[in-house]
Amino acid sequence: MALAVCLLLDQADERALVRLWRRVEAAGVPSMATHTHGAHLPHLSYAVLRSYDVTAVQDAVAPLPDGGPLTLHLSAVATAPRGRVWLVPAASAELVRRQRAVVEAVTATGAELHRHYVPGRWLPHLSLVPRARLVDLPVVAEAAYAVLPFEVHATRAALIDSATGERWPLGTLP
């Protein structure tokens, strides 16, 4: 079980990415649309916590400044260990600054941060496929590059339990 501090997209962008997940599924590759509990939303995680207290994390993130909506420029597909396939946004200075602030706030609670979310090691991404095989990569790339480059808008944030899909909306957009 993990808790993520996530940027969520406006509804139109969310629907567009869910359509992409479904196109990938229709081509025979399991996507985030059907992964685990099936309640995933397109998102970008600032931090993934392996151990945590939800209330402490909420309290730590609440006083962070509201940075307002953030535009993410998706222009690449990347693969990661264990067959994960991502859409990768440009890592703007603003995005990197916000991620660092969130990480500093949540780790101050004693929460254990997953090693891939340590500032300086973190690669911003929006998950597309959780476990692709090598033979799946051309299919996934074809579907993704049919819509890339693509601009999306993060307009809200939440804490999300990756095991259950349970969400705790945040009052600001850190």
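Colleague: What do the buried residues of H4 pack against?

Modeller: The buried residues of H4 pack against helix H1 (11-26) and against strands E3 (70-80), E4 (84-89) and E6 (126-129). Helices (H or I, at least four residues) and strands (E, at least two) are DSSP runs, numbered from the N terminus. This is a predicted model, in which local features need pLDDT of at least 70 and side-chain atom pairs count only at pLDDT 80 or more, whereas totals for chains, interfaces and linings use all residues. Residues are numbered from 1 along each chain as its sequence is written, and side-chain values use heavy atoms, with hydrogens and water left out.

Colleague: Which residues of H4 are buried, and why are they said to line one face of the helix?

Modeller: In H4 (residues 137-145), Val-140, Ala-143 and Ala-144 are buried, that is, under 20% relative accessible area, while exposed means over 50% and partly exposed in between (1.4 Å probe, protein chains only). Seen down the axis of H4, these buried residues fall within an arc of 95 degrees, so they line one face; the arc is that of the directions from the helix axis to the C-beta atoms. On the other side of H4, Pro-138 and Glu-142 are exposed.

Colleague: What makes E1 largely enclosed by the rest of the structure?

Modeller: Seven of the seven residues of E1 are buried, so E1 is largely enclosed. Both faces are covered: Leu-3, Val-5, Leu-7 and Leu-9 lie on one side, and Ala-4, Cys-6 and Leu-8 on the other. In a regular strand the side chains alternate between the two faces of the sheet.

Colleague: How do you know that E1 pairs with E2 and with E7?

Modeller: Two strands pair if DSSP finds at least two bridges between them. Six bridges join E1 to E2 (residues 43-51), antiparallel, and seven join E1 to E7 (residues 150-161), also antiparallel. Leu-7 has Leu-44 as its bridge partner in E2, and Leu-3 stands opposite Asp-161 in E7.

Colleague: What is meant by the largest nonpolar core, and which residues have the most contacts inside it?

Modeller: A nonpolar core is a set of buried Ala, Val, Leu, Ile, Met, Phe, Trp, Tyr and Cys residues joined through side-chain atoms within 4.5 Å. The largest has 56 residues, and Val-5, Leu-87 and Leu-128 have the most contacts inside it. Strand E1 (residues 3-9) gives the most to this core, with seven residues. Leaving aside neighbours within four places in sequence, Leu-87 is in contact (heavy atoms within 4.5 Å) with residues including Leu-17, Val-77, His-125, Leu-128 and Ala-144.

Colleague: How far apart are Pro-65 and Ala-101 in sequence and in space?

Modeller: Pro-65 and Ala-101 are 36 residues apart in sequence and 9.5 Å apart in space, C-alpha to C-alpha.
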